[in-house]
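Me: I would like to go through this structure slowly and ask, for each label, what stands behind it. Could you set each value against its rule before you conclude?

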Amino acid sequence: MSVPVTLRRPTDGDGHDLHSLVARCQPLDTNSVYCNLLQCSDFADTAIAAENAQGELVGFISGYRPPSRPDTLFVWQVAVDASMRGQGLALRMLLTLTERVAAQGVRFLETTISPDNGASQALFKRAFARLGVQHSIRTLFSRAEHFAGRHEDEVLYRAGPLQPATGESDIPRRTTRGDSMNIFELHESSVRSYCRSFPVVFKQAQGAELVTREGKRYIDFLAGAGTLNYGHNHPVLKQALIDYISADGITHGLDMYSDAKERFLETFSRLILTPRGMDGYLMQFTGPTGTNAVEAALKLARKVTGRNNVISFTNGFHGCSIGALAATGNGHHRGAAGVALSDVSRMPYANYFGEKVSTVAMMDKLLSDPSSGIDKPAAVIVEVVQGEGGLNAASADWVRKLEKLCRKHDMLLIIDDIQAGCGRTGTFFSFEEMGIKPDMITLSKSLSGFGLPFAMLLLRKELDQWKPGEHNGTFRGNNHAFVTAAAAIEHFWQDDQFAASVRAKGKRIADGMQRIVRRHGPDSLHLKGRGMMLGIGCPDGDTAAAVCRHAFENGLVIETSGAHSEVVKCLCPLIISDEQIDKALGILDRAFAAVMGEQAANQAS
């Protein structure tokens, strides 16, 4: 994912920071601090500032409306900090500023660019294309006449007319009911992230499609970060929920008994656990989200074993509450904790050092050495496929060796199946065909089947050493989620047909992605993942982000993952049609063609 930023009007408090930003962005002309202060105060309506999560100014566009042409915005400077380049920030700022001034009566954009400034030329041409307007070019100030040969020509770009900001424009709409300011930016915390990659207002969704308020359709290759395996508003699940609500079924019940919970317990046991030889597991409902299930698993492992330490893995992601965050490797999330994240030893995941290095043998050596400094762990927590970590997939052999290691050293094995479970890899559990028996399994995301908050911990009966109420949560009894989860299991998991269709679609996607790799980067791109949890690894995060932006502009919602956000990641609904898969892969193919082609052209020049 790209780094989150907030776009806003500048204030006079930004003057000094703007001066520093411009000074860092050579070859921009550095004006006086006083001039920059005026840009942030008197000209704030025709300027826009971008700040990161730490409140630092990382982008700025200044402009003004010439008195003789009040229908025109002249863009004076565009500055983007080096840390944010390659993420499309300049284009986002320019489009957002354009929408704002269009609401004030501006119909034309102007700027001057020297002939050798290819980056600025590309930026404004992309903006004009997004806005759907024509542009003209003429030399405004010549090198010979105005600069005595000491400066390149300054070429005037003029584009328009812009469409009035009435909701009929092609500009991604960011206003609500006519408000001139973005209602989301005005009232919502800057912690929001996905909306920055997809700056439209979605109104409807069905199956594998999202629809904006203006009626534009997008194929969904994100699916609620893996929460909507059965798609948006599946009719069977929706009808079950409507019937339950219409009959005044209980909504909230703490952990009291209810018809909805009884049906889920019976259905999950009969159709999921029993056919897989897992009758010896109990279900604990832990609260709304995956991190709640992880917290319960870690807490129980420590209670049962009497030990504090837990082993987790490089690039693992387990949640953002403190215990789960300690086991998470992602530095971006860990950095926001504000407290020490302790009692976890990080070990290298499968193939972290390449195929020739056995990371399980490395762990065995460390755990067998009383002077290694690794305290004897209570448990190991692992994802069989690392979703947020970059679609790193462990082999069956590695997972089996890890289980043997746990038995040898008396550690509990916790499988985090929050994203990889519920059919995502082609079987209900990601480890199903590997011949292992985890001590605990965490489930969430697609467990409810309908996007309703629902998390569960599966644990072996002999580990159930909780005292009543020792671990609880107000929302651990989401009866609406019990209803849709039971309906999903009954509809999709009565036999192997659905799982077989997932495996077939996964192969279709993998084959299509492999063609993209061969066509656009056989030496720099590579396929990652398993089942329908797939992606294309790129040389860097800038490349992946550019591909995702291009895909979104053409009707595909897709995001990145990985340590450097370098993997273009597919998490489409498992019920997606072959036609939708092919259409989405076509969009992705064109996105890679555009981005890799542009990079090749830049390198050649």
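Me: At what angle do α10 and helix α16 pack, and how far apart are their axes?

Reply: In this predicted model, α10 and helix α16 (residues 479-492) pack at an angle of about 30 degrees, and their axes lie 8 Å apart.

Me: Why is α10 called roughly parallel to α16?

Reply: Angles under 35 degrees count as roughly parallel, and the angle here is about 30 degrees, so α10 is roughly parallel to α16. As for the sense in which the two helices pass each other, the crossing of α10 with α16 is left-handed.

Me: Which residues of α10 and α16 meet, and how do they divide into nonpolar, polar and charged?

Reply: From α10 the contact takes in A260, K261, R263, F264, T267, F268, R270, L271 and I272, which meet N479, F482, V483, A485, A486, A487, I489 and E490 in α16. These residues divide into 11 nonpolar, 2 polar and 4 charged.

Me: Which residues make up the contact of α3 with α4, and how many of them are nonpolar?

Reply: On the α3 side there are A90, L91, L94, L95 and T98, and they meet L123, F124, R126, A127, R130 and L131 in α4. Of the residues in this contact, 8 are nonpolar, 1 is polar and 2 are charged.

Me: How do you know that β9 and β10 count as paired strands?

Reply: Two strands pair if there are at least two bridges between them, and strand β9 (residues 209-212) and strand β10 (residues 217-220) have 3 bridges, in the antiparallel sense. One of the bridges joins V211 to R217 in β10. The two strands form a hairpin with 4 residues between them, and G215 in the turn has a positive phi of about 95 degrees.

Me: With which strand does β10 pair in the parallel sense?

Reply: That partner is strand β22 (residues 556-557), joined to β10 over 2 bridges, and the bridge partner of I219 in β22 is L556.

Me: Why do β11 and β13 stand at the edges of their sheet?

Reply: The sheet is open, with 7 strands in the order β11-β19-β18-β17-β14-β12-β13 and mixed pairing. β11 (281-287) and β13 (344-347) each have a single partner strand, so one side of each is left without a neighbour in the sheet. Neighbouring strands of this sheet are turned by 20 degrees against each other on average, direction ignored. Helix α10 (residues 259-273) packs on the sheet and touches β11, β18 and β19 (455-460), its direction making about 135 degrees with that of β11.

Me: Why is the aromatic pair of Y64 and F74 called tilted?

Reply: Planes under 30 degrees apart count as stacked and those over 60 as edge-to-face; the planes of Y64 and F74 are 35 degrees apart, with 5.5 Å from centre to centre, and the pair is tilted. Y64 lies in strand β3 (residues 57-64) and F74 in strand β4 (residues 72-80), so the pair ties together parts that are 10 residues apart in sequence.

Conventions:
Residues are numbered from 1 along each chain as its sequence is written. This is a predicted model: local features need pLDDT of at least 70, side-chain atom pairs count only at pLDDT 80 or more; totals for chains, interfaces and linings use all residues. Side-chain values use heavy atoms; hydrogens and water are left out. Axes are lines fitted to C-alpha atoms, for helices over the stretch in contact, and angles run from 0 to 180 degrees between N-to-C directions. Contact means heavy atoms within 4.5 Å. Ala, Val, Leu, Ile, Met, Phe, Trp, Tyr, Cys and Pro count as nonpolar, Asp, Glu, Lys and Arg as charged, and the others, Gly among them, as polar. Angles under 35 degrees count as roughly parallel, over 145 as roughly antiparallel, 65 to 115 as roughly perpendicular and the rest as oblique. A crossing is left-handed if the near helix is turned anticlockwise from the far one by less than a right angle, and right-handed if clockwise. Rings of Phe, Tyr and Trp (its six-membered ring) pair if their centres lie within 6.5 Å; planes under 30 degrees apart count as stacked, over 60 as edge-to-face and the rest as tilted.
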